[in-house]
Amino acid sequence: MAEKTSDETLAQIKKLIEEEKKEALDFFRRSNFTSQLRTRLKEEKSYSSSFIYWQKKRALLISTALVLIIVALIIWLSLPRPKGVETEWAALKDFLEQRLSLSNSPPLPEPTSSSEPKISSLSQVIATTLNLALTQSCPLQEEAFSWPSKKKVKSSELEKKIIQLFREGAIEKFLLNCLKESKEVSDASPDAFFRICWFVFA
Amino acid sequence: MLLSYQELVFRLCLGFARDPAEAEDLSQEVYLKALKKIKTLKDPAVAKEWLLRITRNTCLDYQKKSRSRCRLSLESQADFKERMNPETLLEKKELRQILKGAISRLPRRQKEILILREYGDLSYEEIASVLQIKKGTVMSRLNRARQSLLRLIQEKKNG
């Protein structure tokens with residue numbers, strides 16, 4: 001009895017499914033599936049191509065930026081990097097300030113940045129010294145530039161460093177620039193220039 | 001060649017979908033996927049099985065997604081209903097709802113095998129090829145699916 005009922009129900013299910021399929025297929029045949037599919041395919045293609053285009057464009061921009069960053073990094077790393085700039089700067093500053101204090105000159109400026117190259121720092125100090133020397137009302141004494149025998153700084157090291165800078169031409173360039181710019185260049189330049197040279201080579 | 005199976009694909013999608021409009025959308029998804037993967041079809045002789053496998057996977061994915069949403073294409077649904085006799089609509093609708101609800105509550109393996117057989121009208125051999133199982137397994141699983149469906153419908157009628 002139960003088996004018969006099951007068979008009947010199954011037959012009813014089959015009938016229902018068949019009817020559903022028939023009606024749905026009528027709907028499907030009316031809907032023009034192929035043309036709809038073509039339209040959707042075109043949409044998908046245009047979307048994917050534009051997506052790929054922007055992906056490529058973005059990839060190009062990112063790779064260019066990366067290359068530029070790497071090149072900049074290489075250039076920055078290849079530049080000569082002084083050791084112990086801060087120590088040398090402080091030592092030289094102390095020394096020169098002490099020298100300049102003999103004529104009650106204003107203190108030297110603080111370094112603007114710790115990453116500033118050594119050449120420019122030292123050149124700045126020497127240029128400032130020269131400027132001050134050239135604008136002094138009283139003439140500079142030779143002993144003011146004489147190399148100290150007992151100082152906090154190791155004089156031999158400092159001398160070596162200054163000579164090295166002089167050989168590189170940085171000091172010379174700054175000295176000449178300062179001399180050119182100075183109002184009293186015509187009167188003071190030969191004397192002051194030779195004094196500074198002597199100071200550097202002392 | 002693949003488009004010659006469009007009605008078969010649609011019928012299978014109908015088994016997984018709630019209405020013909022949804023089944024049509026699903027069929028389009030199937031074809032889009034198939035066209036994207038067409039290079040993976042090495043032997044054209046097995047194109048039917050290959051397409052049916054894509055259909056099955058797409059429908060199962062769709063069912064997973066549609067559990068969390070309740071999408072109903074009202075426009076298409078209305079268009080579909082227009083062609084039905086209003087007197088029989090209520091009864092048929094009710095019966096179909098019971099049937100659809102029962103099918104959707106079947107375990108995944110039983111559901112797919114029932115749809116392949118009843119909606120796709122596939123032979124045991126074809127079902128075995130699509131699901132990559134033995135013919136005997138197809139028969140026993142289909143029998144279990146029918147029994148489960150009957151039980152679910154009885155439960156629905158009684159309760």
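How many of the 46 residues of H2(A) are buried? The count is zero, and H2(A) is hardly covered; a residue is called buried if 20 or more other C-beta atoms lie within 10 Å of its own, exposed if 12 or fewer, and partly exposed in between, with C-beta atoms placed from the backbone.

**Before starting**

This is a predicted model, in which local features need pLDDT of at least 70, side-chain atom pairs count only at pLDDT 80 or more, and totals for chains, interfaces and linings use all residues. Residues are numbered from 1 along each chain as its sequence is written, while chains are lettered from A and ligands numbered from 1 in the order in which they are written.

**Stop 1: chain A as a whole**

Select chain A. Its secondary structure comes to seven helices and zero strands; helices (H or I, at least four residues) and strands (E, at least two) are DSSP runs, numbered from the N terminus. Read from the N terminus, the order of elements is α-α-α-α-α-α-α. Chain A has 202 residues, of which 13% count as buried. Among the contacts in chain A between residues at least 6 apart in sequence, 76% join residues at least 24 apart; two residues are in contact if their C-beta atoms, placed from the backbone, lie within 7 Å.

**Stop 2: helix H2 of chain A**

Select residues 33-78 of chain A, which form helix H2. This helix of 46 residues reaches 66 Å from its first C-alpha to its last, close to the 68 Å expected at 1.5 Å a residue. The expected span is 1.5 Å times one less than the number of residues.

Next, select A:Asn32, in the loop between H1 and H2 of chain A. Although A:Asn32 is not a glycine, it has a positive phi of about 55 degrees. A:Asn32 has 10 other C-beta atoms within 10 Å and is therefore exposed.

**Stop 3: where chain A touches chain B**

Display both chains. In this interface, 23 residues of chain A are in contact with 26 residues of chain B. On the side of chain A that touches chain B, the elements giving two or more residues are helix H1 (2-30) and H2 of chain A. H1(A) gives the most to that side, with 15 residues. By class, the side of chain A that touches chain B has 11 nonpolar, five polar and seven charged residues. Here Ala, Val, Leu, Ile, Met, Phe, Trp, Tyr, Cys and Pro count as nonpolar, Asp, Glu, Lys and Arg as charged, and the others, Gly among them, as polar.

Now select H2(A) together with H2(B). Their axes come within 10 Å and cross at roughly 55 degrees; axes are lines fitted to C-alpha atoms, for helices over the stretch in contact, and angles run from 0 to 180 degrees between N-to-C directions. H2(A) and H2(B) are therefore oblique to each other, since angles under 35 degrees count as roughly parallel, over 145 as roughly antiparallel, 65 to 115 as roughly perpendicular and the rest as oblique. The contact includes A:Phe33, A:Leu37 and A:Leu41 of H2(A), and B:Tyr31, B:Leu32 and B:Leu35 of H2(B). The residues of this contact divide into six nonpolar, three polar and three charged.

**Stop 4**

Select residues 6-16 of chain B, helix H1. Nine of its 11 residues are buried, so H1(B) is largely enclosed by the rest of the structure. Among the buried residues are B:Val9, B:Phe10, B:Arg11 and B:Phe16.

Move on to helix H2 (residues 20-36) and helix H3 (residues 47-66) of chain B, whose axes come within 9 Å and cross at roughly 125 degrees. H2(B) and H3(B) are therefore oblique to each other. Residues making the contact include B:Leu26 and B:Val30 of H2(B), and B:Ile54, B:Cys59 and B:Tyr62 of H3(B). Seven nonpolar, two polar and two charged residues make up this contact.

**Stop 5: helices H6 and H7 of chain B**

Finish with H6(B) and H7(B), which pack at an angle of about 140 degrees, with their axes 10 Å apart. That makes H6(B) oblique to H7(B). B:Ile113, B:Leu116 and B:Arg117 of H6(B) make the contact with B:Ile127, B:Val130 and B:Leu131 of H7(B). By class, this contact has five nonpolar, no polar and one charged residues.

Finally, select B:Asp121, in the loop between helix H6 (108-118) and helix H7 (124-131) of chain B. B:Asp121 has a positive phi of about 55 degrees although it is not a glycine. With 13 C-beta neighbours inside 10 Å, B:Asp121 counts as partly exposed.
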